[in-house]
Amino acid sequence: MTTSWLSFATMCWLCDFKTPSSPTTAPSEHRWNARRGFLLAAGASAAGTALAQVDVGSASSMRNLVPAETLENSARQQYAQVIADARSKNALAPDGHPQLQRLHEIAKRLIPHTAQWNPRAKEWKWQVNLIGSKQLNAWCMPGGKIAFYTGILDQLQLTDDEAAMIMGHEMAHALREHARERMAKSQVTGLGLSIASQLLGLGQLGNVAADMGTQLLSLKYSRDDETEADLVGLEIAVRAGYKPEASVNLWKKMQAASGGNNNASFLSTHPSGANRIQELEANIPKVQHLYEQAQRMK
Ligand SMILES: [Zn+2]
């Protein structure tokens, strides 16, 4: 199995709490018949230009060093591999799976509010899959390729509002192109020169993916990226009509579930749960009117 992009994505760590372990899928209790992943054909219909309420500044221009299209193409292929791998282990939720349907409903509500954060999202072929795994995890690759693990839905007993906050957070990483920025920055510092050059070359994707695996494990989103994903995700979810306070509930649940892991080393590169809760609480008043607006439009 090629885990490079999966690993990369999990470094988001929802980004502190999801799991400290390396990604594995297909525990025996989650076995499904292999079925084709669901393509959200509706795509991103533009929601028009709506003024952002949370203040996250403009995206880093550094990211321009890595072409978005290259990264999205690579992610698309990696996503297909991850999904194929899950399918081969009977760990891919079939189309009719109730939890997957729930995720699709949430995605359909969120997607129309994504393009304002990144015009490319209008062209993205968003996909959402559910993978059987005990891990508290979810991620979105560049180009809108989303996966949730059953562990995060089951263990945290997520409400729709809370699941929407997670999805919004992960979508925000993709929309704000944090992976692209990480790639570009590591190219500049020379740390990830081989990664970036391989990416740009992209002749033999399989080899590239294999080579990138271990290096990508050390790539992490920054504290700023995490805060940005929290706030952008909050706004996207609230515009879609999900309760803003669910963002705080989510992180409280995540904190409780992570138990003693709060002191793990990933906190040196990611904001603590307490900080992100404070940040979210401070931003809820900014988006409250969007929630009320969305309720009126129902
Ligand atoms: Zn994150």
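A: Here is a quick tour, one topic at a time.

Q: What kind of model is it, and how are residues numbered?
A: It is a predicted model; local features need pLDDT of at least 70, side-chain atom pairs count only at pLDDT 80 or more, and totals for chains, interfaces and linings use all residues. Residues are numbered from 1 along each chain as its sequence is written.

Q: How many helices and strands in the protein chain?
A: The protein chain has 11 helices and 4 strands. These are DSSP runs numbered from the N terminus: helices are H or I with at least four residues, strands are E with at least two.

Q: What share of the residues is buried?
A: 50% of the 298 residues in the protein chain. Buried means 20 or more other C-beta atoms within 10 Å of the residue's own; exposed means 12 or fewer, and partly exposed is in between, with C-beta atoms placed from the backbone.

Q: Which residues touch the most other members of the largest nonpolar core?
A: Ala107, Leu110, Ala164, Met167 and Ala237, out of 64 residues in that core. Helix H5 (residues 160–175) gives the most to this core, 9 residues. A nonpolar core here is a set of buried Ala, Val, Leu, Ile, Met, Phe, Trp, Tyr and Cys residues joined through C-beta atoms within 7 Å.

Q: And what does Leu110 touch?
A: Leaving out residues up to four places away in sequence, Leu110 touches Ala164, Met167, Gly168, Met171, Ile236, Ala237 and Ala240. Contact means C-beta atoms, placed from the backbone, within 7 Å.

Q: Switching to strands. Why is S2 described as largely enclosed?
A: Because 5 of the 5 residues of strand S2 (residues 127–131) are buried. Gln127, Asn129 and Ile131 cover one side, Val128 and Leu130 the other.

Q: Which strand is joined to S2?
A: Strand S4 (residues 145–149), through 5 bridges, and the two run parallel. Strands pair if DSSP finds at least two bridges between them. Leu130 has Phe148 as its bridge partner in S4.

Q: Back to H5. How do H5 and H10 cross?
A: The axes of H5 and helix H10 (residues 246–258) come within 8 Å and cross at roughly 85 degrees. So H5 is roughly perpendicular to H10, a label for angles of 65 to 115 degrees.

Q: Which residues make that contact?
A: Asp161, Glu162, Met165 and Ile166 of H5, with Ala246, Ser247, Asn249 and Leu250 of H10.

Q: Last one: is Lys298 buried or exposed?
A: Lys298 counts as exposed, because it has 5 C-beta neighbours inside 10 Å. Lys298 lies in the segment after helix H11 (273–296).

Note on methods. Two residues are in contact if their C-beta atoms, placed from the backbone, lie within 7 Å. Axes are lines fitted to C-alpha atoms, for helices over the stretch in contact, and angles run from 0 to 180 degrees between N-to-C directions. Angles under 35 degrees count as roughly parallel, over 145 as roughly antiparallel, 65 to 115 as roughly perpendicular and the rest as oblique.
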